[in-house]
Amino acid sequence: MIAKDYFLLLHPMIAVFFVFPLIGIVVNFAWSTRQRRLQTASGNKSKIPPVVGQEHVHLGRWLTGAVVGITLLGLAFSIFAKMLEKQVISQEPLRFVFVVFMCIATVASLYFLYQAKTPIWRGIFATLTGMGLILLGCQPEVYRRGNEWFISHYYYGITAAMLMIFSLAIVQDIYKDRQNRWRTVHIILNCVALLLFIGQGMTGTRDLLEIPLSWQEQYVNKLYELQCDIKPCIIQGTPQPK
Ligand code: HEM
Ligand code: HEM
């Protein structure tokens, strides 16, 4: 394996050993928080400790950072690996600078979202963080699987990241709203996020199987050249004319 192969494995590795276990813990606390709230609301004494809500939010805040971080890593790897390969830096230096700037600006916006106290600033920084991810995702180097968007690792990942950013932005609203409308919105959206995370596990593993390591690349390309008679032929996630 060469350096590029190790970089390719970095994103799935972090997803498997950090992000997915964190999702498990956050969901476990979410379930306990709900159980406790329903038990106490019906007048019963709950055996679940009151700290579960705080733990859910504490780790939820980590989860937002982890999901945005891993999305950025996936996008940055796709973009920079192909930019270096096709010497985009010398051909389109302005776009290269723009991509680097967007990576930094997205991280900065997320940092300020964590710090923001008023609803207006939370809205602004949540929008900026989301826009940063979308603008990076619009780069031609990113394989979005647009023709099969319903099983696309890119679209699932971006949507899940948006939902995590939204969750972080509405934390105060969940606590303030006595009618629990924000709480209900949060539950519905994050159940969708949970399904998307399961989708990420499936589509990510598929993509990992589709992208060959550098020493396998020439053999896989040959095989596709020999076998592929559908147009456009999909080679390593890149549509290639026959
Ligand atoms: C997969 C991800 C998540 C799921 C499935 C989830 C689900 C839930 C559920 C079921 C509840 C309990 C609602 C109730 O009391 O009936 C809850 C509460 C809450 N969640 Fe999440 N959540 C997720 C991620 C997050 C994230 C990322 C944040 C913020 C950074 C967050 C912030 C909150 C807050 C502030 C509450 C209220 C806690 C309390 O009452 O003490 N959640 N969530
Ligand atoms: C929360 C979980 C995850 C999120 C939010 C996420 C997000 C992303 C995003 C946005 C991209 C860039 C777009 C693309 O090329 O499709 C990407 C690429 C990728 N992801 Fe994930 N991912 C997650 C989990 C996983 C897992 C579990 C695996 C594998 C086991 C995986 C494997 C890959 C691979 C192989 C790529 C392609 C890199 C390339 O194009 O060069 N991802 N991911």
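Biologist: Which atom of ligand 2 is 2.8 Å from an N or O atom in the side chain of histidine 153?

Modeller: A nitrogen atom. Such a polar contact is a pair of N or O atoms within 3.5 Å. Histidine 11 also has a polar side-chain atom 2.8 Å from a nitrogen atom of ligand 2, and serine 78 has one 3.1 Å from an oxygen atom of the ligand. The model is predicted, so local features need pLDDT of at least 70 and side-chain atom pairs 80 or more, while totals for chains, interfaces and linings use all residues; side-chain values use heavy atoms, without hydrogens and water. Residues are numbered from 1 along each chain as its sequence is written, with chains lettered from A and ligands numbered from 1 in written order.

Biologist: Which protein atoms are donors to the iron atom of ligand 2?

Modeller: Donors are N, O and S atoms within 2.8 Å of the metal (3.2 Å for Na, K and Ca), and water is not among the atoms, so sites may look incomplete. Here they are NE2 of His11 and NE2 of His153, 2.0 Å from the iron. Histidine 11 belongs to helix 1 (residues 3–41) and histidine 153 to helix 6 (residues 153–169), so the pair ties together parts 142 residues apart in sequence. Helices are DSSP runs (H or I, at least four residues).

Biologist: Why is the arrangement around this iron atom of ligand 2 octahedral?

Modeller: Six donors count as octahedral if opposite ones are over 155 degrees apart and all others between 65 and 115. Around this iron atom, the six donor atoms subtend angles of 89 to 180°, which makes the arrangement octahedral.

Biologist: And which residues coordinate the iron atom of ligand 1?

Modeller: His56 and His186, each through NE2, at 2.0 Å. Histidine 56 sits in helix 2 and histidine 186 in helix 8, 130 residues apart. Both histidine 56 and histidine 186 are buried (under 20% relative accessible area, 1.4 Å probe, protein chains only).

Methods: Tetrahedral: all angles 85-135°; square planar, octahedral: opposite > 155°, others 65-115°. Helix = DSSP H or I, 4+ residues; strand = E, 2+ residues; numbered from the N terminus. Polar contact = N/O pair within 3.5 Å; in protein donor to acceptor, adjacent residues only side chain to side chain. Buried < 20%, exposed > 50% of the residue type's maximum accessible area, 1.4 Å probe, protein only.
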